[in-house]
Amino acid sequence: MTPLILPNKWIEKCQGENGMGPLSKQFLPDDQESNAEGYYDPIGDHNHQVLDGLIHRYQNRVLFMPTKVCPVACRYCFRKHEIENEKDQQLFSPDMHSILHYLKKHDEINELIFSGGDPFSLSDEKLQDYLKQFKTIPHLKWIRFHTRYPSMIPNRFRERLLNILTETNNYFSGVSIVLHINHWDEWDQEVQDCMDKISQTGCNLLSQTVLLKGVNDDVDSLTTLFSNLAFHIIRPYYLHHPDLIRGGKHFYLSLDTGRKLMHQLRDKLPGWMIPQYIIDIPGGHGKVPATNSDSQLFQGYLIDRTGKTHPYP
Ligand SMILES: *Cc1c(COP(=O)(O)O)cnc(C)c1O
Ligand code: SF4
């Protein structure tokens, strides 16, 4: 089983909950993880891995994965079986010569997304070094970071890193920081101070949330989360339907459940606070809207918030 990895403060936060609350369920090991249902690579990343550390599934953008280390081991993680926090595994480093060659050759790529692991597990020096190399690719316009550090180890964002972000945001057309957050209980004053500092770098702040059974699969939790994020100038970007990861079955829920929740959110929140509900089709077929992914062919009816169908020309 994936070992427990959680910053000390968070162990206290989990202990403050009654039983398996939204924090404990996300981070504390559970016997149900031995359930063998699900896939080791639920979204088929390997089918689009063009080089070690580089995934190219969509024309204009690539995922760059320079580390397999995270500040936490989320029990539902879709890369659960790839994350490596053992000391000897942390030395993994991609072949930058090949990666730069690939990026230069593919001028349709205009966005590079630092993923992982968590990219802020890298030292400031290492990050700066990668960014310097990416600046040599003239068609690269956008840089993005997917991270859980601001809530897990907010202290990671010290002056030097903030300066790197400011400088990178000024150099490229823009940098986006996508905060992984699933429940508003994850937020506290330290997280807020950290996000305020990141906001001052000028980077675009977005959030991504995984819909998880027993964590946030109710309209009140999601309403609280998205409205508070919007209040803190973080735009709710994606709500992910949970991936069918092996060992994460206790987090799965049906598309019907997710769709109903999305309909209910329409009553509670303005459209601009509602993230896109998406699902990654198993096997590497990519993300599609989960709200109506059945077919691109219009079926002749619209479904309202109560589930009733209405014919439409
Ligand atoms: C999710 C994902 C992206 C980012 O997609 P956006 O829709 O732009 O957020 C890029 N590459 C891969 C391989 C992905 O899985
Ligand atoms: S932070 Fe992201 S990549 Fe790391 S364990 Fe959690 S879900 Fe997985």
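This is a predicted model: local features need pLDDT of at least 70, side-chain atom pairs count only at pLDDT 80 or more; totals for chains, interfaces and linings use all residues.
Close-up 1. One of its members, Leu302, sits in strand E11, which runs over residues 301-303. How exposed is Leu302? Its relative accessible area is 42%, so Leu302 counts as partly exposed.

**Close-up 2. The residues around ligand 1.** Here we move on to the ligand. Its surroundings include Ile55, Arg57 and Tyr58, along with Arg61, Leu63 and Ile113. Arg144, Tyr237, Tyr238 and Lys287 are also part of this shell. Sorted by class, the shell has six nonpolar residues and four charged ones, with no polar residues.

Close-up 3. Strand E2 gives the most, with three residues.

**Close-up 4. Side chains that come up to oxygen atoms of ligand 1.** Take Arg144 to begin with: an N or O atom of its side chain is 2.7 Å from a ligand oxygen. For Tyr237, a polar side-chain atom also lies 2.7 Å from an oxygen of ligand 1. With Tyr238, the distance between a side-chain N or O atom and a ligand oxygen is 2.5 Å. And how much of ligand 1 does the protein cover? On its own, ligand 1 has 390 Å² of accessible area, and the protein covers 93% of that.

Conventions. Residues are numbered from 1 along each chain as its sequence is written. Chains are lettered from A and ligands numbered from 1 in the order in which they are written. Side-chain values use heavy atoms; hydrogens and water are left out. A residue is near a molecule or strand if one of its heavy atoms lies within 4 Å of it. A polar contact is a pair of N or O atoms within 3.5 Å; within protein, one must be able to donate a hydrogen and the other to accept it, and residues adjacent in sequence count only if both atoms are side-chain atoms. Accessible areas come from the Shrake-Rupley method with a 1.4 Å probe; for residues, only the protein chains shown count as cover. Helices (H or I, at least four residues) and strands (E, at least two) are DSSP runs, numbered from the N terminus. Ala, Val, Leu, Ile, Met, Phe, Trp, Tyr, Cys and Pro count as nonpolar, Asp, Glu, Lys and Arg as charged, and the others, Gly among them, as polar. Buried means under 20% relative accessible area, exposed over 50%, partly exposed in between (1.4 Å probe, protein chains only).
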